Amino acid sequence: MKKLQYNSPVILTFFLLSLGVLLLDWITGGWTTLHAFCVYRSSLADPLFYVRLFGHVLGHADFDHFLGNMLLLLVIGPPLEEKYGSLLAGILLTAGVSGILQCVFFPGSALLGASGIVFMLIMLASLAGMKDGRIPLTLILAAVLYLGQEVYAMVA
């Protein structure tokens with residue numbers, strides 16, 4: 001009998017943490033997601049601001065939102081983690097930058113979900129095809145389509 005392998009530690013841990021946050025959201029009636037797992041402009045003196053700044057990527061609005069992000073994360077992430085090693089620094093950088101941008105440019109709204117992480121993984125996967133310094137057309141198309149989809153979802 002074959003044994004299960006925890007083949008992609010960062011991606012699988014991210015998935016399990018996000019699932020745990022989703023369960024906490026359900027148990028607390030949304031309190032934990034609102035107060036710890038979505039980022040919005042608030043006082044820098046609030047210690048939870050810093051938790052939200054990075055933790056918002058673990059929160060999701062509902063199960064459909066969770067599935068949409070996690071399916072892409074679980075398909076794209078493991079081969080990248082195998083090729084490049086730990087993706088933790090990229091995840092933390094993406095979470096921090098997207099959290100700061102949200103607070104600066106969209107002060108009246110909140111952000112949650114792993115869409116930024118998924119976008120980072122898509123861009124990293126597209127860059128893997130880069131040769132001789134030439135930018136792959138797939139990179140540009142993936143960026144335009146993914147960002148267009150995200151903007152449309154915000155506006156609609």
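Analyst: Helices (DSSP runs of H or I, at least four residues) and strands (DSSP runs of E, at least two) are numbered from the N terminus. This is a predicted model, in which local features need pLDDT of at least 70 and side-chain atom pairs count only at pLDDT 80 or more, while totals for chains, interfaces and linings use all residues. Residues are numbered from 1 along each chain as its sequence is written, and side-chain values use heavy atoms, with hydrogens and water left out.

User: Where is the place of His 60?

Analyst: Helix H3 covers 47-55 and helix H4 covers 63-84.

User: Is His 60 buried or exposed?

Analyst: A residue is buried under 20% relative accessible area, exposed over 50%, and partly exposed in between (1.4 Å probe, protein chains only). Because the relative accessible area of His 60 is 2%, His 60 is buried.

User: With the side chain of which residue does the side chain of His 60 make a polar contact?

Analyst: A polar contact is a pair of N or O atoms within 3.5 Å; within protein, one must be able to donate a hydrogen and the other to accept it, and residues adjacent in sequence count only if both atoms are side-chain atoms. The backbone oxygen of Leu 58 lies 3.4 Å from a polar side-chain atom of His 60. The side-chain partner, at 3.2 Å, is Asn 69.

User: Are H1 and H4 roughly parallel or roughly antiparallel?

Analyst: Their axes, which are lines fitted to C-alpha atoms over the stretch in contact (heavy atoms within 4.5 Å), have angles from 0 to 180 degrees between N-to-C directions. The H1 and H4 axes come within 9 Å and cross at roughly 170°. Angles under 35 degrees count as roughly parallel, over 145 as roughly antiparallel, 65 to 115 as roughly perpendicular and the rest as oblique, so H1 and H4 are roughly antiparallel.
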